[in-house]
Amino acid sequence: MSGISMPPATVSPPLWLLAELTYRCPLHCVFCYNPLDYAEHRRELELDTDEWIDVLKQARALGAAQLGFSGGEPLVRDDLETLVGEARTLGFYTNLITSGVGLSDERLDRLKAAGLDHIQLSFQDSTQALNDFLSSTRTFELKKRTAASIKQHGFPMVMNCVLHRYNLPHVAKIIDMALAMGAEYLELANTQYYGWAHANRAQLLPTREQVAVAQAVVERYRDTIGDACKIFFVVPDYFERRPKRCMNGWGAVFLGIAPDGAALPCHAARGLPGLTFPSVKTSTLREIWYDSAAFNRFRGFDWMKEPCRSCDEKARDLGGCRCQAYLLTGDPADADPVCDKSPRHGEVVDVVRLAAVAAGAVHEQPILFRNDANSQTLATSH
Ligand code: FES
């Protein structure tokens with residue numbers, strides 16, 4: 001593989017490669033971003049070690065510099081250390097995105113030796129009860145031990161906690177936990193309502209007041225802790241009046257490779273209708289990134305409908321999130337209804353208003369855990 005090559009003038013190279021090594025996962029999180037029908041996709045064989053190494057080489061040659069190993073749980077792959085070592089040799093900055101389950105001291109030793117740069121460890125909450133309920137596993141104590149081992153091995157650590165109605169009131173305790181663990185970064189990731197989180201939206205969506213209170217708590221901590229821990233907290237889309245520039249633009253910097261080799265412009269893209277995502281098994285990454293219909297579908301402005309097409313802010317947010325537009329309107333080319341210029345914005349306002357009414361109510365529909373049985377049921381019902 002030759003060195004990094006120059007891209008065509010109109011499309012920038014992919015800078016961020018996400019290698020979703022597997023959909024297998026010991027946890028069953030109710031907000032998992034894997035596709036609802038992941039169990040169907042698992043029938044396809046996962047890429048093997050050599051195929052992943054080829055993906056890494058091609059991505060690096062295209063210009064990718066940041067590499068996340070994710071899943072599912074990437075630690076279920078016993079070739080993870082080999083892939084990390086290869087990535088290091090190629091010059092990637094590598095991040096392991098993990099639940100911590102399976103991250104023994106032996107594996108930490110091997111990952112360190114292979115050159116892993118960074119670890120992102122997820123928690124579901126600061127309490128054992130909620131952490132274990134939301135993941136449908138008894139993993140809280142194990143995660144705490146794993147966090148200590150990660151720091152003993154000298155890795156920089158991001159603690160990640162997905163926020164929603166259940167744990168927003170615990171934000172102060174979550175921050176305290178991150179500080180006690182020595183995390184350099186804390187990602188308080190407000191739930192984005194795709195995939196399993198969308199299926200559980202009625203239970204997970206917080207009230208506007210919960211979000212505002214948590215944001216004030218975060219500000220207070222930022223003022224007092226200085227550089228001890230950098231806290232990321234982004235207000236959830238549904239509470240905004242302008243959409244975010246999702247993934248920094250479709251096919252702009254992010255390239256995800258699913259376990260079976262499907263190439264995706266965002267984590268949730270597999271749920272969009274009418275798009276065939278090319279596979280690294282049959283196309284080169286260069287062909288996929290620059291020439292495929294799927295990656296070109298929402299680049300630039302020509303695909304936009306009104307009100308985006310004539311909007312003077314379109315270059316800033318690029319019409320928002322395609323997956324959110326699809327889930328809220330049924331058409332991925334619509335304006336993201338988070339935007340108050342969208343004719344469908346009122347529906348988002350209604351969903352948020354109903355969240356306030358529903359908070360504390362008993363839901364007829366039980367919360368849906370991410371597991372194979374639920375995935376298969378959902379796949380056949382769509
Ligand atoms: Fe797919 Fe935003 S998550 S475009």
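This is a predicted model: local features need pLDDT of at least 70, side-chain atom pairs count only at pLDDT 80 or more; totals for chains, interfaces and linings use all residues.
Start with helix H10 (residues 208–225).

Select residues 171–181 and keep H10 on screen. Two packed helices are described by the angle between their axes and the distance between the axes. Here the axes come within 9 Å and cross at roughly 30°. The crossing of H7 and H10 is right-handed. Now show the residues that make the contact. On H7, pick Val-171, Ala-172, Ile-175 and Leu-179. On H10, pick Ala-214, Val-217, Val-218, Tyr-221 and Ile-225. Which classes of residue does the contact of H7 with H10 have? There are 9 nonpolar residues, no polar ones and no charged ones.

**Now turn to the sheet.** Strands of a sheet pair through backbone hydrogen bonds, either parallel or antiparallel.

Move on to E1 (residues 16–20) and E8 (residues 254–257). These two strands run parallel, joined by 4 bridges. Zoom in on Ala-19: its bridge partner in E8 is Ile-257.

**Last, colour by pLDDT.** The protein chain has a mean of 92, and 95% of its residues reach 70 or more. Select residues 1–8, where pLDDT stays under 50. For this stretch the model has 10 contacts beyond four places in sequence. For the complex, the predictor gives an ipTM of 0.94 and a pTM of 0.92.

Technical notes
Residues are numbered from 1 along each chain as its sequence is written. Axes are lines fitted to C-alpha atoms, for helices over the stretch in contact, and angles run from 0 to 180 degrees between N-to-C directions. A crossing is left-handed if the near helix is turned anticlockwise from the far one by less than a right angle, and right-handed if clockwise. Two residues are in contact if their C-beta atoms, placed from the backbone, lie within 7 Å. Ala, Val, Leu, Ile, Met, Phe, Trp, Tyr, Cys and Pro count as nonpolar, Asp, Glu, Lys and Arg as charged, and the others, Gly among them, as polar. Two strands pair if DSSP finds at least two bridges between them. pLDDT is the predictor's confidence in each residue, from 0 to 100.
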